[in-house]
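Here is a short briefing to read alongside your model. Please keep the sequence and the 3D view open as you go through the points.

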Amino acid sequence: MTQPLVLPLSRCIDPALAGGKAAGLARLLSCGFSVPPGLCLTTEAYDRSLKRSGLDAGQDWKLAMVLSEAERNALLLDRQSRIRALDVSDLAAQCITALRTLSASSETLSSTRWAVRSSATNEDAGHSSFAGLYRTHLGVPTDRLDTAIKDLWASLWHERVLRYTIERDPSQSAPSMAVVIQPMLDAVAAGVAHSIHPITGRSFQILVDAVPGLAAPLVDGQATPDQYVVQIGADRQPVWIRRRTIARKSSRLTVAEDGLRHEPIPESDQERPSLSDEQLLELARTAKEVERTFGFPVDLEWAIDSGKLWILQARPITGIRPSAEFTNDDCEWSRTNLKETMPDLPSPLGLSLMERFMEEHIVAPYRKLGCRIPAGLSSTRVFYGRPYLNVTLFHMLQAQLRSDPSLLSEHMGGESIAAPPPVEPLGWPAFLRAGLLMVMEMRRAVVHGPTWFAEMKKKMAEQCNPQQISRLSLHESLARIEELSTWIRTHELTFGIAGGVAQCLQVMNHLLPRWLGPDWRALSNAALQGQGTVISAQQIIRLAELVHIARHESAASAFFTTDPWNPSGFREALMGTAFLRAFESYLEDYGHRGVGESDIMSPRLADNPEAILALLRTQLRTASSEPDDILSRQARVRAEALHEIKQRMGWKLHRWWMYLWWRRRLCRFFALREANRHHLMYFSSAIRRLLLHAGGLLVSRRILDDPNDVFFMTLQETTDLAEGQERDWRSVIRTRRLERAHNAHVHPPDTIRDWETARVRLAAPDDHDRSDLLSGVPISAGVATGPVRVLRSPNDWASVQAGEILVIPVIDPGMAPLFGIAGGVIAEMGGTLSHGAIIAREYGIPTVANVRGARSLLKDGQIVRLDAGAGTVRLTQPQHSSSTA
């Protein structure tokens, strides 16, 4: 029997013929819901057109599933091109005839502009929705229907569609594409309604996003909607409006005879709600009725015209289980750990990379160990542009593995969890299996780490040198990034190394307080000084060596002591000197590091070598320590600490030998942890250079305004751009830059205990205790007295003077060059496991972390006594007296 090419929506009952979206609309119509009338160009039309052109969709789809990434992309691009070249004028004519027939019986179909939407056979299915993967065209004139139809067909052959299919069901056969054509509505408001909360999965909450006019800017991420949460009662009826967040809206998208247009909204109406309470409650009732009809949670695309609520699409909410169980909003969140290595406001691309890293290399390995992660919980969230770590989740993971989760705040920094969740530990067979897997991960890091690190450095240098990058095309640059990323993913050691460090610290936290007494941390930290194996700390010695060379080389000494000093032409001024050779060698080894270096947008030391020269000048003009003096001091402190530890253990030699074994193991993993980060930054720096090159090419094509704009895209958007997706990228970037500028003036808390409440709370008042004695976590032993220097950004580096006590938000490992001139370090956040803590401990600079509010309590020039062994900071002048230099 010959299948029809065109069907009215009301007859689209077969998903294989009409696709998931059209079948869903037909079901809504049959149940009495208001759906704009229209028609469906069936999958039969798609299949016939492809066969007539010689394309075998089934065979090509199977082939694409098994090809390498490069070959697959080439195949998909070819099929898209061939589909767009098809002649479908006869099909478009049939659609126009059918639309005219329907218009005779429907006022709604008197439109001259059309909404053309995808309806693939794998779309809006119960197990996967394919939401956002296919095309939609709004405001299409009748004479352009054929172009829109072909573009929707071609969207079936995008790489992201195939990747999504492979992730969900790699055995799935080639899908077909039907097309839904409906009249454009003159919407006064439109948006999306979720029949359950789409983030928490709460079945008793409906979340609604609404914008004035058409919803396209909302769906495309170019408009901030009004957002409402409606509470649902036991009878599945809306009870009350739990929350409403009204956005400021400067324009609305409307449809007119000549197409879509953005209409400005008068200033007085820009903060007016898009929906009345009556409209919102009607929409909530409808969402729950559709959910009951379909038998699963749905999200609805809807629109309201002058007098009616219309349903434009109903698709399943996939990946979120309806539940009243633990959700993200029930968790406690902290900026700890992430704040240490990322700038205060990371870039969108940096956030994308961070999220992928956390999922692939932290959360996924926990799952592999057998840990249970409740549905809907994520490891990170972003609040006003800042990333937060899910402390509750990591508490749960540690407890499942029978570790002591109370040590998380000491190891990672931040505040202790206020409401620990109930956790059932892994059963003993599962626990033993997890332990074996963890030992294998640690062993893998120990065995392969040094070799892979050297290979990583060599690979990045060979494939990403400036001369080679300058010859790459945009496609080649993005392909090179993906190639390097794939290599990194298969050589990642972070989880095993972090596990090794955490294991050692857990053991020492358990044994040493009983063996050594209350000052065990100070002794342990002192005994870890000066091992000479922590690569990030070695650069401080390298800087001291540079100062030594400059002090004894006349040309270098003259360069640094000349006033006024101008470092911008240092290479010409120092040409042929031993100092310049040594400095270039230092930049080769450490120039890829930087402050906030985990964000790929952050500049590297090599981008501004003058800042390092300024630090060297400060050291040269003061009585800074010689390299041998630093090493001798470290060796003396280490030896004294080890002697004291042995004395306290007395005749119980088994304790001493056990301590030495665990200390040696901890030092090995500390060294691996910093070497891992150091060499991952080679990768980060290489990717940064490739992205800046790609950004430059995009500027030359007038797609972006500045090469740095590429950092304001997400990972998915860089893929979309590489695939040629047309979008007003300049507008996207401008919007994000404006958002970033707004976020820069917001001061969110370091800890969020109630995410829902935090959403409506900006900077809290300074309510810290004004005591003259501050306390925190001891990081590195020692005592220092000196003037305070509060650092708020890298721009403050130039003001640092020798012997000053640095007061910083976190111990960023990129700040290591400052440790050579500072007298001590006070950090508002940080823990014993952090990268900066390892560097400070290895170098031996007195350091205390987790000193809450230090930057607001302490002022430049104020004299403080820092006792890192006790974890205290004492002001030598009372708070009420004048203490500003």
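Leucine 866 stands opposite valine 873 in strand 25; strands here are DSSP runs of E with at least two residues, and helices are runs of H or I with at least four, both numbered from the N terminus. This is a predicted model, where local features need pLDDT of at least 70, side-chain atom pairs count only at pLDDT 80 or more, and totals for chains, interfaces and linings use all residues. Residues are numbered from 1 along each chain as its sequence is written, and side-chain values use heavy atoms, leaving out hydrogens and water.

**The sheet**
- Strand 24 (residues 863–867) and strand 25 (residues 872–875) pair in the antiparallel sense over 4 bridges; pairing requires at least two DSSP bridges between two strands.
- An open sheet is formed by 8 strands with mixed pairing, in the order 18-25-24-20-21-22-23-19.
- Strand 18 (773–775) and strand 19 (777–780) are the edge strands, each pairing on one side only.

**Helix 1 and helix 9**
- The axes of helix 1 (residues 15–30) and helix 9 (residues 277–294) come within 11 Å and cross at roughly 105°; axes are lines fitted to C-alpha atoms, for helices over the stretch in contact, with angles from 0 to 180 degrees between N-to-C directions.
- Helix 1 and helix 9 are therefore roughly perpendicular to each other, a term for angles of 65 to 115 degrees.
- Gly24, Arg27 and Leu28 of helix 1 meet Val290, Thr293 and Phe294 of helix 9 in this contact (heavy atoms within 4.5 Å).

**Proline 348**
- Proline 348 belongs to helix 11 (residues 348–369).
- Beyond its neighbours within four places in sequence, proline 348 contacts Phe711, Phe712, Met713 and Arg736.

Methods. Angles under 35 degrees count as roughly parallel, over 145 as roughly antiparallel, 65 to 115 as roughly perpendicular and the rest as oblique.
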